Amino acid sequence: MTLILDGVRVRQRGETWLEDIDLELPNGMTTLIGPLAAGKTTLMRVAAGLLPPTSGRVVVNGRDVTSISVRKRSVAFVYQQFINYPSLSVYENIASPLRLDPSFPRREIDRRVHEIAEIMGIGDLLDRRPEELSGGQQQRTAIARALARPVDVLLLDEPLANLDYKLREQLRADLKDMFGGSAGVVLYSTADPAEALGFAAPTVVLGEGRIQHVGDVAEMYDRPPTLAVAATLSDPPLNLLPGLAHDGRIDCLGVSFPVPGERPPAGRVVLGVRPHQVTIERTGPGDLEFPAEIRLAEVTGSATFLHLLLPGSRHLVAQLEGTRLFTPGEPATAYVDPGRVLIFDEAGVSLPARPAAEADLHG
Amino acid sequence: MPAKASPVAVAAGTRRQLPWARTVFWLYVATLMLPLLWMFGMSIRPNEDILGSFALIPQRVTFENYQTFFTDPVWYSSYLNSIIYTSMNAVLSLIVALPAAYAFSRFRFAGDRFLFFWLLTNRMAPPAVFLLPFFQIYQSVGLFDTHLGVAIAHMLFNVPLAVWILEGFMSGIPREIDETAAIDGYSLPRFFVRIFLPMIRSGIGVTLFFCFMFSWVELLIARTITSVNAKPIAATMTRTVSAAGVDWGLLAAAGVLTIIPGAIVIWFVRNYVAKGFALGRV
C-alpha cells in the first residue's frame, strides 16, 4: 500500500499553505515533523481528502483519489483535539465506522470493538459517554475509532499534543507497539522532536509549507542537512551564533577555530550549538571559550537551563545536568566543543566540511 | 470544640441579605400575577357578579364559562385553529431553518454574510407592511382562510429567527465532528439525523419555543388572512361584543385557556432557553 502526494500545492486566501509537496509514503509508519504553522495539518487534510489541493494529485495504491469524496475513501483521522460523538457511548463511537460498512456483521463489530478497546485500555469504559472521560481516555477513544476499521491510510495529527506529560509518555509507548505491524500507510504528525526520535520511523521534515528533508530521523538529528531541519529536531531550541569563515578557520564572537576537513568557502556562516553541548566547565583542550554573564537559571529538576549573555548581546542557553544554583549577573565562561558545532552557510545549508560528531578533532 | 457549620449555612452567610429583598420579591410577583389571578377569578364567576360587585374572592363559583367555551364551535374551533397553525408553523420553520442554518454555519459562499443579515431585516419590518400583499396573494392562490396559509405567513418572521438561533448553536459544534463523520462514511443526511441533531437539541428546543410563542400571540396577520375556517382564538376573543353586551366571563375563560399552551411549552424548554441565553443568541 502506498500514498503518493504528487506536486501538491495549497493556496488559501492568497497565502501559500503548501508548495511542491512530492512525497511517497510506503506501508507502515511515517513521522511528519515540523514547527508550528509549518503546514502539517494542511498536508494531513489533503492526504485524507478533507481539503482539496489547489493543484497536484493524491494517489493511493496507484489510484488517483484527488477528486474522490472523503466519504468514499478508506481513511481514518485522529485530531489534536479530542473529537468524539458526544451523543453516542464509547462503544458506539468505536463501532461507528464499522456500522456504516456492510461487510461487517453485528457479531464481528462487537468482537472488534471489544478487542480494540482492550488494546487501548478503555475496555471498562464502553458504556460511558465521551464527556464523562478524562482527556487521555477521550483521545484513546478517538484513536480506537480510527483503528477499528482497517483502512488504507491512517492519519494522526498531533494526537498527543493536548495531553499532559505523563499521559503522553504512556500513550506514545502504546502507539509505538501498535503501528509496528500496521497493514496500511500511517502518517503521524508531531511538533515534538522527542516523539519523532522515539518512533524512529522514516521522517518527513516540513517547514514553511515545503518539505525540508526526508530520511532517517536519528541520522537527521546527528547530521542535519539544513538549519531548518536542525532547528526542527532540536528541543530545547538550537543556539545560533554568527560566524565568519576564511582561510579554513571560523571566527565567532572573538573566538577563532580551525575547520577540520574540507575548507568552507569564505563568507558568513551560522553556527548551531545544542544546549546540552554547552558547558561551564572545560571538557577538552580544544574547547571554545566564551566570556559570558549569567542572566537566568531555570531549574527543572533533572536539568538546569542556564541563560547566558555573550559579547555582542548574543544569547546562549546551556543545559546542565542536575539542580544547580547560580546568581544572575555573575560572570561565567561558556565552553563549546568545536567538533560538535553544526555549521551552516548563509542559506542554511550544512557545510559539507563538517565532520561527523564522532571524528577526533583534538588529536 | 467549635461548632460545625453546615455548608449551606456557610454559603448563605457569605451572601449578603438585603433587608427588603423578600418583600420586594413578593411585591413584584404579586404585581405580575394580579391580572392573571383576576382573569382567572372572572372566568369562574357568573357575569352578574363580575359587573355587580367588586370582590377578591368570588361568592359564587361556576364553570359555566368553560362549559360554553368547549361546547360552542366558534370558540373551541378557533382555539384548535390556533393550535394547529402554530404547530404547523413551528415544524415547517424548523424544517426550513435547519439546513439553512447549517449552510450559514459551515460553508462560505458568495454573499453569505449579507444574506444572513438580510434574513434578520425581515423581522425589522412591522407585520402590517405585509398585510396587503399576503391578503391579495392568498386570495388568488387559495391559501386564504387555511391553516397552512397562516403557518406560511408566520414563517416570514419565524424562519429568520430560527436560522439565527440555530446557527449560533451549530457554530458551537466543532467542524471536526462533521469531518470525522464524513471519514467514517456517514452520508450528510444520516450524519445530520444521527449525530448532529442530538448535539443541538437544546437549540431546537429554544427555536421551537420562540416560533410557537410568536405564532401563538400574533394577531394582525392571522386575523386578516382568515375568515372562518382558520380563525385564530385571539380574533374570536376580540369579537365577543354582541347585542347583549360583552360576555366577560367567557372572555376571561378563553384568556385563561389561551395561556395554557404557552405555559406548557415554557415548562418543557425552560432549561434549554437558559442555554440559549448563555449563547447570546436569544
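Reply: Keep in mind that this is a predicted model. A place to start is helix 1 (residues 40-48) of chain A, which lies across strand 3, strand 6, strand 7 (153-157), strand 8 (185-190) and strand 9 of chain A.

Me: At about what angle does helix 1 of chain A run to strand 7 of chain A?

Reply: Helix 1 runs at about 160 degrees to strand 7 of chain A. Helix 4 (residues 135-148) of chain A lies across strand 6 and strand 7 of chain A, and its angle to strand 6 is about 170 degrees.

Me: How should I read the sheet itself, and in what order do its strands stand?

Reply: In general, strands of a sheet pair through backbone hydrogen bonds, in either the parallel or the antiparallel sense. Here, in chain A, 6 strands make an open sheet in the order 6-7-8-3-9-10, and the pairing is mixed.

Me: Which strands stand at the edges?

Reply: The edges are strand 6 (75-78) and strand 10 (210-216) of chain A; each has a single partner strand, so one side of each has no neighbour in the sheet. On average, neighbouring strands of this sheet are turned by 20 degrees against each other, direction ignored.

Me: In which sense do strand 3 and strand 9 of chain A pair?

Reply: Strand 3 (residues 28-33) and strand 9 (residues 202-207) of chain A pair in the parallel sense, over 3 bridges. Within strand 9 of chain A, A:V205 stands opposite A:I33.

Me: What is the strand order in the open sheet of 5 strands?

Reply: That sheet, also in chain A, has the order 13-12-11-14-20, with antiparallel pairing. Strand 13 (255-258) and strand 20 (342-345) of chain A are at its edges with a single partner strand each, so one side of each is left without a neighbour in the sheet. Its neighbouring strands are turned by 35 degrees against each other on average, direction ignored.

Me: Over how many bridges do strand 11 and strand 12 of chain A pair?

Reply: Strand 11 (residues 239-246) and strand 12 (residues 249-252) of chain A pair over 3 bridges, in the antiparallel sense. A:H246 has A:R249, in strand 12 of chain A, as its bridge partner.

Me: Now the chain contact: how many residues does each chain give?

Reply: In general, the size of an interface is often given as the accessible area lost when the parts come together. Counted by residues, this contact takes 17 from chain A and 14 from chain B. On the side of chain A that touches chain B, strand 6 and helix 2 (90-99) of chain A are the elements that give two or more residues. Strand 6 of chain A gives the most, with 3 residues. The residues on that side of chain A divide into 12 nonpolar, 3 polar and 2 charged.

Key. Residues numbered from 1 in each chain as written. Chains lettered and ligands numbered in written order. Predicted model: local features only at pLDDT ≥ 70, side-chain atom pairs only at ≥ 80, totals over all residues. Pairing = 2+ DSSP bridges. Helix = DSSP H or I, 4+ residues; strand = E, 2+ residues; numbered from the N terminus. Axes fitted to C-alpha atoms, helices over the stretch in contact; angles between N-to-C directions. Contact = placed C-beta atoms within 7 Å. Nonpolar A, V, L, I, M, F, W, Y, C, P; charged D, E, K, R; others polar.
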